[in-house]
There are 2 protein chains.
Amino acid sequence: MLNAITPANGTRRPSIVIVGAGFGGLSAAKALAKADADITIIDRRNHHLFQPLLYQVATAALGPNQIASPIRSIVRKHRNTSVILDEAINVDRVNQEVILRDRAVSYDYLILATGAQDSYFGHDEWAPYAPALKTLENANDIRERILLAFERAELEEDGAERDRLLTFVIVGGGPTGVELAGAIAELAKRALSCDFRTTRCHDAKVVLAEAGSRLLPSFSETVSNYAYRALEQRGVDVRLGVPVTDCNEVGVKIGEDHIAAATVIWAAGVKASPAGEWIGAATDRAGRASVNHDLTVEGAANVFVIGDTASVIGADGRPVPGLAPAAKQQGAYVGKLIMRRLRGDHTAAPFRYKDFGALATVGRSAAVVEVGGFRLTGFAAWLFWCVVHIYFLIGFRTRIVIALDWLWSYFTLDRGARLIVGARTGAADMNNATRKSAAAAAISVAR
Amino acid sequence: MLNAITPANGTRRPSIVIVGAGFGGLSAAKALAKADADITIIDRRNHHLFQPLLYQVATAALGPNQIASPIRSIVRKHRNTSVILDEAINVDRVNQEVILRDRAVSYDYLILATGAQDSYFGHDEWAPYAPALKTLENANDIRERILLAFERAELEEDGAERDRLLTFVIVGGGPTGVELAGAIAELAKRALSCDFRTTRCHDAKVVLAEAGSRLLPSFSETVSNYAYRALEQRGVDVRLGVPVTDCNEVGVKIGEDHIAAATVIWAAGVKASPAGEWIGAATDRAGRASVNHDLTVEGAANVFVIGDTASVIGADGRPVPGLAPAAKQQGAYVGKLIMRRLRGDHTAAPFRYKDFGALATVGRSAAVVEVGGFRLTGFAAWLFWCVVHIYFLIGFRTRIVIALDWLWSYFTLDRGARLIVGARTGAADMNNATRKSAAAAAISVAR
């Protein structure tokens, strides 16, 4: 049963539907906050996630609620905007409706901002052994895998198995992989090192595997080299130029080299959400919809695709990168364009991406910043990274709390969010009775 | 396979085993921090939980990591103490071993501090429809039930079903029930009221059902009356003197009165953990082990039971209440007693409970404090409540963060921790396709 939602007062204002409340979708909503139209935001989650800090939840530095805000709160003051917690599954271009699980929503303008999902390059069977990091659930799951590995190592009497439990492999040397490797090394060698009695957390081994020839390929070579050295200083074993050829219950195979590892994390690739298929747009190899210079889809001047779901060629002829600032700029661009259309102005300057540079952090006191020709590494870059991330976090309160948490972690080397609370899914490495029951004990619902 | 864990260095220091890292167990560990003995803390969770604030996680005021600390961190500086993440399932008194899931741990002294669990008074079949609030998982589950109820009401077209979704019943008028009722009323009428477009959150109905003749039966009658009035002012429908006679997928039956409610929370009763049975002690109706005046079990001078697992008669002949301060005092008492025994001093003054009074909060700016003859209600009591709870929270960082969060909530009426992240278990109220798919959408794993 599909019920189109029409304005309650019966008048027919234009209906603008935004699918996805990530950086792009919320930025569009903000630009449309004063539009004489009904804005509907659809998301299958009730919260906006600040994904650049997701790895900090996975490594117990921040709690989930510190990097997520309820969508309804964010758009509370937009009186023209309503929020639907539901999942879009298709678009009916003929009837101009977004199809949700059990209803449909009519649109006059449609903005698809559904983001990206992880890609195992045709090896989806690796997913249970090497979880990716896209959602809060992923982050909770990975945090519990990491913490449980240390707990099990503490009780394990077999030396080889203990080594396997204390080996952590991150696949993919982009910003997420580099940040995760640095954070896990610091977690093991600093935050946890005083907490165990028989386990020597210093013995924990962190491997970062990148199939390409250098880390952080979107940065300059100088930055790649800095990141490499900074990770090596932290004891991370960086393997370049060899692809992962298998992930299984024992560990991971890098080239011909088997590494026994209880915890493997996938940070190697993304593909677009299927929104391109919903609207029948041409898509590239990563599933991203090709869009015009005004971010509309060919043949539908009222359907826009933005962010990681779109393959956008900037005004300078270069592809726009899949980064949060790019998605935000696209959202703002589309919002303003629709505002002009509502006023009867149908002109449209093509979308221009302003490149404010790129940022990545390797760990405490070490980061890389690259803005145009300007480059910064080390402690100054790390401070800059902290300030930028705190500034862009949505919500004043969250900013204060995160700033305090980071200051605290910096001075004490502590990690406050080290909780094992949920049932672990995809329990790939629980292949013998000992580990099974240790996990069962850890996750059993206390009464 | 059971392996007794013996000290690594081969010398035979006395082994003191503490089962349970709640208020009692940790307090004992602290008193034993300098003992010339090997202390082992066993808990099936990796974290200590500050249970008095659990209802704040359930009502989205605090995040889970703000009221929980890793046990290993808490005892990090006790060089004689190790922590085992595993579940105790029995005690072998003959061989002096605690039996865990797949090992055993020898003890010379044993402290059982395993706490209490919820009791449905013989109606365990009500549990799926009326979850209790004892663990972080419970709190996450209840928070998601509450938030999803509002989300579903926003999309529901049937008026009766919308009313059912906006009805919240709390069973039990003790401190937890009173605090939950007040917090849910404030959540609906303040934090959420601006966030929805079609749902009128002000219409949310909160019912507090207590079978006895007054709220907060452990306080004086004046305090009970204050709590009753404060809840009524917040719009809570308080029903006294009528027991709950059924919980099912539609709602709850109070006496002969059916209330259609999508969210029912059980705060009506507890029973002790089964530790009393493990050691073959005499137990009372609530399953608590009877102990001697020095908190040992009859016939075993080296086995102690403390906290909610024990039925303790104070030196004044009155039963000691099941409160956090009582558990802490008992833990400290037993720790010091064992310290004396290790020095060869086998005297023992009986345990004396120091009653520092009782505290409960009804909501923002309203609480009750009762210390001996002294009584405080209203804003001053609420401030006192805040200070006491922040003071007793473990960890300096947590204290600052919680203080900030409360100040923030107080001035803005906002609730920051409103996240729906996990798969809801015990999905009792998803009995038609609409609700099923709304939930599926809400909890589907985003990619």
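Reply: Happy to! A residue is buried if 20 or more other C-beta atoms lie within 10 Å of its own, exposed if 12 or fewer, and partly exposed in between, with C-beta atoms placed from the backbone. This is a predicted model, in which local features need pLDDT of at least 70, side-chain atom pairs count only at pLDDT 80 or more, and totals for chains, interfaces and linings use all residues. Residues are numbered from 1 along each chain as its sequence is written, and chains are lettered from A and ligands numbered from 1 in the order in which they are written.

Me: Which residues of α7(A) are buried?

Reply: Helix α7 of chain A covers residues 221-233; helices (H or I, at least four residues) and strands (E, at least two) are DSSP runs, numbered from the N terminus. What covers its buried residues includes α6, β12, β13, β23, β24 and β25 of chain A. The buried residues are V223(A), S224(A), Y226(A), A227(A), Y228(A), A230(A) and L231(A).

Me: What percentage of the 447 residues of chain A count as buried?

Reply: Chain A has twelve helices and 25 strands. By the cut-off given above, the buried share of its 447 residues is 55%.

Me: At what angle do α1 and α9 of chain A pack?

Reply: Two packed helices are described by the angle between their axes and the distance between the axes. Axes here are lines fitted to C-alpha atoms, for helices over the stretch in contact, and angles run from 0 to 180 degrees between N-to-C directions. For helix α1 (residues 23-31) and helix α9 (residues 324-342) of chain A, the axes are 7 Å apart and the angle is about 30°.

Me: Which helix or strand gives the most to the side of domain 1 of chain A that touches domain 2 of chain A?

Reply: An automatic or database domain assignment divides chain A into domain 1 (15-118 + 271-342) and domain 2 (124-267 + 358-441). 23 residues of domain 1 of chain A are in contact (C-beta atoms, placed from the backbone, within 7 Å) with 29 residues of domain 2 of chain A. On the domain 1 side, β3, α2, β4 and β10 of chain A each supply at least two residues. With five residues, the one that gives the most is α2(A).

Definitions and conventions
Expected span 1.5 Å × (residues − 1). Contact = placed C-beta atoms within 7 Å.
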